[in-house]
Amino acid sequence: MPECRYSFWKMPNRRFADGEMVMGRWPGSVLYYEVQVTSYNDVSHLYTVKYKDGTELELKESDIRSQSSFKHRKSQSSSSSPSRRSTSRSRSRSPGRPAKGRRRSSSQSRERKDDKKKTIQETNIALLKPSENNTRRYNGEPESTERNDTSRITLEQKLKPDLETERVLEQYSLRPRKEEKKKEEIYSEKKIFETIKTIEKASSKTKELEFGGRIGTFMLIFFLPATVFYLLLMCKQDDPSLMNFPLPLPALESLWEARVFGVFLLWFFLQALFYLLPIGKVVEGLPLSNGRKLHYRINGFYAFVLTAAAIGTLLYFEFELHYLYDHFMQFAVSAAAFSMGLSIYLYIRSLKAPEEELAPGGNSGYFVYDFFTGHELNPRIGSFDLKYFCELRPGLIGWVVINLAMLLAEMKIHNQSMPSLSMILVNSFQLLYVVDALWNEEAILTTMDITHDGFGFMLAFGDLVWVPFVYSLQAFYLVGHPTAISWPVAAAITILNCIGYYIFRSANSQKNSFRRNPADPKLAYLKFIPTATGKGLLVTGWWGFVRHPNYLGDIIMALAWSLPCGFNHILPYFYVIYFICLLIHREARDEHHCKQKYGLAWERYCQRVPYRIFPYIY
């Protein structure tokens with residue numbers, strides 16, 4: 001995402017500062033209540049204020065007064081919650097008793113009603129205007145470590161009290177019945193709800209396109225599979241040099257075998273069966289745009305244990321697991337074909353999905369872009385969540401199985417009784433990474449993949465093809481190009497991996513704990529910057545060191561995975577180069593989203609934490 005710059009010398013004049021206690025008028029009424037200013041929108045010139053009951057609204061400057069302009073008095077209107085508006089005036093007199101309000105002239109009454117109508121219209125427009133602070137609820141947020149403690153108030157809840165107040169005020173007017181009927185028609189709930197839906201539908205469209213927009217995503221649909229096949233073909237060459245081009249291409253008929261595709265389908269549905277087993281706890285995800293929370297069963301680690309038992313059983317009965325190595329390219333082609341078919345199914349079903357279930361980043365209206373990024377946010381078949389299942393199960397666990405197959409293939413091809421030290425390091429490091437992800441499975445529910453990105457070709461291909469076949473590149477390379485390393489070198493590489501893992505795990509744990517329960521006494525030492533959204537940005541701990549410490553740990557581990565392959569060729573380091581590019585892209589996207597969401601608070605955070613991923617460098 002593009003970086004954003006701030007212009008300090010062009011700040012508009014503001015009467016009220018952030019954090020100032022003022023008196024704000026409740027929409028649709030003449031009553032003022034004590035509120036706190038939380039932020040100011042330079043574009044719309046609206047103040048975001050917070051009432052004592054936690055309600056957050058956007059008000060014009062004309063609807064806000066300083067506390068000094070009000071005389072200190074004890075009254076019911078100043079102490080009660082805005083949501084409990086008094087209707088004592090309308091209840092104090094019976095319809096049969098005369099009231100002073102009855103003797104008002106029709107012109108005075110009409111002027112008062114016009115003013116009332118104008119107030120309601122202005123307030124409704126402010127309520128209907130989409131707030132930048134509420135457009136993103138990824139993970140998802142980015143790794144900005146926010147606090148999720150504000151409840152969502154729907155527009156309908158805000159508009160209904162205004163309608164009821166208007167009807168009470170009109171109850172004793174002398175206006176003809178026809179005129180009252182006409183007004184009720186204009187302000188009927190049906191029309192207001194239709195207006196809300198129209199505005200929400202327009203505001204939910206994806207306006208900023210990533211990955212080069214329509215042309216870029218169209219190219220990536222072909223470029224990503226081509227990259228995977230190129231890397232695998234290079235590893236099979238005696239000289240896997242980048243200068244060795246063009247590569248001798250295999251015959252097309254050799255890339256496909258029905259039996260291999262059947263094995264892949266068996267693997268996929270076996271993991272789906274493990275996912276459906278009623279074991280493991282069920283947790284709630286983060287609130288969706290409509291306030292609903294989906295439920296997820298956390299049993300990824302159990303699925304890994306069951307898979308390990310199944311693989312162990314196959315090895316006990318002398319099943320040749322290196323079959324994977326012998327047909328590795330065919331398995332990659334099968335996975336790519338399956339991911340394409342799954343992506344087509346996902347897009348077709350997303351066309352019937354309600355507007356609120358579409359992904360904020362994949363609702364552009366352009367077929368190619370939405371197909372690539374994912375049109376529907378959480379596609380489910382009953383309780384079976386397709387995106388959540390593919391995120392950790394078939395690809396991630398399959399990565400470990402492929403590594404094991406490469407280890408056994410190395411022993412068989414080179415007639416070794418033990419695998420090489422390099423192969424042991426690669427398998428051990430990556431096994432730790434996968435087990436950690438499955439053990440901390442619940443943490444994935446706050447990532448952008450789950451909270452923001454739709455499930456389309458990008459994630460389907462990434463989960464089912466890129467992860468198992470590219471992440472296992474080092475193990476695949478070592479089978480055909482064995483590399484001997486000494487024990488001191490192995491010890492140094494192990495220490496490097498441990499450092500990266502410690503940064504990665506402790507930073508993520510710190511972030512997830514703060515998101516789940518910011519009031520946890522164990523986190524009392526952490527300091528944060530409060531934001532207008534009610535969330536906090538950590539400025540101590542790992543998140544006060546750099547803005548994305550988990551990315552730093554990821555890159556260090558990726559380097560440790562590649563070092564056992566030696567320095568004869570750059571091919572094993574493709575993963576490191578790719579990972580750095582990927583994380584820099586994600587970091588730029590995170591920066592852009594956080595800037596939009598947190599505004600001035602994000603600027604203060606960036607001043608406190610100037611480095612993004614690499615301390616003193618970037």
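Begin by selecting Asn-41 and Leu-46: in this predicted model, Leu-46 of strand E3 is the bridge partner of Asn-41. Now extend the selection to residues 32–41, which form strand E2. Strands E2 and E3 pair in the antiparallel sense, over six bridges.

Next, move to the turn of this hairpin, where four residues lie between the strands. Select His-45, which takes a positive phi near 60°.

Then select the whole of strand E3, residues 46–51. Is this strand mostly covered or mostly uncovered? Strand E3 is mostly covered, for five of its six residues are buried.

Continue to strand E4, residues 56–59. Strand E4 pairs with E3, again in the antiparallel sense, over four bridges. To see one of these contacts, select Lys-50 together with its bridge partner in E4, Glu-56. The hairpin of E3 and E4 has four residues between the strands. Gly-54 in this hairpin takes a positive phi near 95°.

Finally, turn to the cysteines. A disulfide is a covalent bond between the sulfur atoms of two cysteines. How many disulfides does the structure hold? The structure holds zero disulfides. Select Cys-565, which is in no disulfide: the nearest cysteine sulfur, that of Cys-235, is 8.7 Å away, whereas a disulfide requires sulfur atoms within 2.5 Å. Cys-565 counts as buried because its relative accessibility is 1%, and buried means under 20%. As a last stop, select Cys-498, which is partly exposed, with a relative accessible area of 45%.

Definitions and conventions. Residues are numbered from 1 along each chain as its sequence is written. This is a predicted model: local features need pLDDT of at least 70, side-chain atom pairs count only at pLDDT 80 or more; totals for chains, interfaces and linings use all residues. Side-chain values use heavy atoms; hydrogens and water are left out. Buried means under 20% relative accessible area, exposed over 50%, partly exposed in between (1.4 Å probe, protein chains only). Helices (H or I, at least four residues) and strands (E, at least two) are DSSP runs, numbered from the N terminus. Two strands pair if DSSP finds at least two bridges between them.
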